[in-house]
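Please open the model in your viewer and keep the selection tool at hand. The stops below say what to select next and what is there.

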Amino acid sequence: MADREQQQHVRREDDVPDDDATPTPPPAAPQGQDADVDALLDDIDDVLEANAEQFVRGFVQKGGQ
Amino acid sequence: MLAAARELAPFPGGPVALYKNNVDGKGASYGCHENFLVRRDVPFAELAQLLMPFLVTRQVFAGAGRVGLGQTGADAGFQLAQRSDYIEAEIGLETTLRRPIVNTRDEPHADRQRWRRLHLIIGDANLLEVATYLKLGTTSLVLGLIERRDELPAAYARLAALRLADPVGDVQRVSHDPTLTTTLRLADGRELTALEIQRTYLDAAREAVDALAAGAGPDDETRAVVDRWARVLHGLEHDRASVAGQVEWVAKLRILDGLRRRDGLDWDHPRLAATDLQWSDVRPERGIYHRLLAKDAVERVVTEQEVARAVHHPPDDTRAYFRGEVMARYGEHVSAASWDSIIFDVPGAPSLQRVPMPDPERGTRGHLGDLLDRSADASALLAGLSGT
């Protein structure tokens, strides 16, 4: 539980865009789908890596076809 | 795989996390190889030519989706498939550099006079079950069409006319266009979208199914693949949201677009790349695909019970049934088992005894189930086999 709270905290701290940042134009969402997607996003927030940048940087493949 | 990773967790170096994807975003790619048994009497050059436009465009329903464009993900954006930026040749033997659309590896593990092995390395490792089902089912159907091209002249003519002017470039063109509106130039000068090319293959498959229905007829599995293929192509064209539980890149894009909208993220934001990677984490509590599965946001093709059974039981309609049952029942008297033979070491026998299995469709439950049930030991089985 502590882990989960920490992740949510980190997400807010890192990722709420600054007021002066240029936001991406919001993608057009199919009507009526928003509520469904938002419910899924809430669930995903609980499991997403807290430090996305570090996680992505550390994901390196050696070998393989 | 998940169970194995869990077992490693307490050991030094653990825990282990496994990801069912195909790219690391740093330039490396690792494949999800497909193998199909194809009749040897189809000339390989013809096979490759007739199949290529299908493989180039199959990603519209088989792509797993990827954040990042280019082999190292140097450009921001989203594309349909993980493997597409790593395809650099039309036909070739290699699998780790200059990767081809059609690979030439040919070890049929069966009677070489009758069959070849078609080895494909272009596909993504899908998590959505419908994507895997359609990827393998439609490819098998198209190969069946090609094998029967002499009986199906109209279908053959349709496919032969689809030759692409630039197949390798088209793999990337299709992947980089989530609107599915980009057109591909054909050798005859026509311009068709990926969906139009797929629809041509679908129409040819439907004609073949109808033509063959006059004889022994296509089986229920074939009809089910054709129906699902048609529904998914229709959904991709007219109602994208309707296939979000079946087409992996659509499912992934739905989540990524949701994050972008809610949190105002650009495509180069690390959280989107992290979401793409974590999509494929095989741990149910960590993998984003698995979160969608738990919420019934994606369709299943098989049940958990069927998966659990398949871990220990081979399908009963190929030679795998015979091999699996022999190992389960008489394993202590088997000295070696391979794709195409089993070697028995029976107590008291003067030498090892080899049972060849050159035909993948022999050794089914229907063929040998009764004999296996009647044979108390390996000697009885071998005696019974020599009588068949």
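Select chain B and chain A together: in this predicted model, the two chains bury about 3500 Å² between them. Of that area, 60% is on carbon and sulfur atoms. The size of an interface is often given as the accessible area lost when the parts come together. To color the contact by residue, expect 43 residues from chain B and 35 residues from chain A.

Stay with the two chains and look for charged pairs. How many salt bridges are there between chain B and chain A? The count is five. To see one of them, show the side chains of Asp45(A) and Arg271(B), which meet at 3.8 Å, N to O. Over all chains, the structure holds 32 salt bridges.

Arg116(B) belongs to strand 6 of chain B, residues 115-120, while Asp106(B) sits in the loop between strand 5 (99-103) and strand 6, so the pair ties together parts that are ten residues apart in sequence. Side chains of opposite charge can pair when their charged atoms come close.

Now select residues 129-147 and 220-238 of chain B, which are helix 4 and helix 8. At what angle do the axes of these helices cross? They cross at roughly 115°, and the axes come within 10 Å. The crossing is left-handed. On helix 4 of chain B, the contact is made by Val130(B), Tyr133(B), Leu134(B), Gly137(B), Thr138(B), Leu141(B) and Val142(B). Helix 8 of chain B contributes Glu221(B), Thr222(B), Ala224(B), Val225(B), Val226(B), Arg228(B), Trp229(B) and Val232(B). Colored by type, the residues of this contact divide into ten nonpolar, three polar and two charged.

Move on to residues 66-69 and 75-79 of chain B. These are strand 2 and strand 3, paired in the antiparallel sense over three bridges. Select Val67(B) to find its bridge partner in strand 3 of chain B, Phe78(B). The hairpin of these two strands has five residues between them, and Gly70(B) takes a positive phi near 90° there.

The last stop is a sheet in chain B. Three strands form this open sheet in the order 9-10-11, with antiparallel pairing. Which strands stand at its edges? They are strand 9 (334-337) and strand 11 (353-356); each has a single partner strand, so one side of each is left without a neighbour in the sheet. From one strand to the next, the twist averages 15°.

Take the pairs in turn. Strand 9 of chain B is joined to strand 10 of chain B by three bridges, and a hairpin of three residues connects the two strands. Select Ile342(B) in strand 10 of chain B: Ala337(B) stands opposite. On strand 11 of chain B, Val355(B) stands opposite Ile342(B). Strand 10 of chain B, residues 341-344, pairs with strand 11 of chain B over four bridges. Ile343(B) has Arg354(B) as its bridge partner in strand 11 of chain B.

Key:
Residues numbered from 1 in each chain as written. Chains lettered and ligands numbered in written order. Predicted model: local features only at pLDDT ≥ 70, side-chain atom pairs only at ≥ 80, totals over all residues. Heavy atoms only, no water. Axes fitted to C-alpha atoms, helices over the stretch in contact; angles between N-to-C directions. Left-handed = near helix turned anticlockwise from the far one by under 90°. Contact = heavy atoms within 4.5 Å. Nonpolar A, V, L, I, M, F, W, Y, C, P; charged D, E, K, R; others polar. Pairing = 2+ DSSP bridges. Buried area = accessible area lost by both parts, 1.4 Å probe. Salt bridge = Lys/Arg side-chain N within 4 Å of Asp/Glu carboxyl O.
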